[in-house]
Amino acid sequence: SFGGRKASIGHLKGNKGESWHIVISLSEKEALSAAHKVTLIIFFCGAVITLLTALVALILGRRVASPIVKLAATAERIGAGDLHARTNVRLNDEIGSLALSLNTMVDQLAHITVSRDKLTEEIEHRKEIEKTLNQFKLTLDQTLDCVFMFTPDTLKFFYVNQGAVSQLGFTREEFFNITPLDI
């Protein structure tokens, strides 16, 4: 016995000759201390590897997600009516292709919207002209004098006021089937 440890030496005879064995007796705490140290090292290495993996995943995730977040923000601005919104994602992958398509779509949408706005403006302008013409027609219809309008090349009437109908005795429909020469 030495240092609280027990040792014994034994001699065993085997089939192929003699073998010697040394047996050392240790307490359970001493016997498992090496295994405990290895377990702590494995746990520490696992924790470090897990943290490094999480850090790399976070960095890569942000790098991949950032262009998608930019695209989503641009799409949201476009959805809110900002047709000047463009995305500045410049990648040579699917996300870059999607960004280019989004910018092209907004350009076309802006062009269509401008065309629609011009058309709406033209319609409003024509409505004002029509309103003015209707007011002029009402004024002409109330005039007692004869007012005729006809196409110069065919001499067919396209407007006759109420004064002409009253004074000449033709109906409006009859005026549309005759010419000034017939009067």
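Are helices H1 and H2 roughly parallel or roughly antiparallel to each other? In this predicted model, helix H1 spans residues 28–79 and helix H2 spans residues 94–142. Two packed helices are described by the angle between their axes and the distance between the axes. The axes of H1 and H2 lie 10 Å apart and meet at an angle of about 15°. Because angles under 35 degrees count as roughly parallel, H1 and H2 are roughly parallel to each other. The crossing of H1 past H2 is left-handed.

The contact between the two helices is formed by Val64, Pro67, Ile68, Leu71, Thr74, Ala75 and Ile78 on the H1 side, which meet Ile95, Leu98, Ala99, Leu102 and Val106 of H2. By class, this contact comprises 11 nonpolar residues and one polar residue, with no charged residues.

Beyond the helices, Leu144 is found in the loop that links H2 to strand S3. With a relative accessible area of 69%, Leu144 is exposed. Apart from neighbours within four places in sequence, Leu144 is in contact with Gly163 and Gln167. The C-alpha atom of Leu144 is also separated by 7.5 Å from that of Gln162, although these two residues are 18 residues apart along the chain.

A further loop, between strand S3 (148–150) and strand S4 (157–160), contains Leu155. Most residues other than glycine have a negative phi. For Leu155, by contrast, phi is positive, with a value near 60°. Leu155 counts as partly exposed, at 28% relative accessibility.

Note on methods: Residues numbered from 1 in each chain as written. Predicted model: local features only at pLDDT ≥ 70, side-chain atom pairs only at ≥ 80, totals over all residues. Heavy atoms only, no water. Helix = DSSP H or I, 4+ residues; strand = E, 2+ residues; numbered from the N terminus. Buried < 20%, exposed > 50% of the residue type's maximum accessible area, 1.4 Å probe, protein only. Contact = heavy atoms within 4.5 Å. Axes fitted to C-alpha atoms, helices over the stretch in contact; angles between N-to-C directions. Parallel < 35°, antiparallel > 145°, perpendicular 65-115°, else oblique. Left-handed = near helix turned anticlockwise from the far one by under 90°. Nonpolar A, V, L, I, M, F, W, Y, C, P; charged D, E, K, R; others polar.
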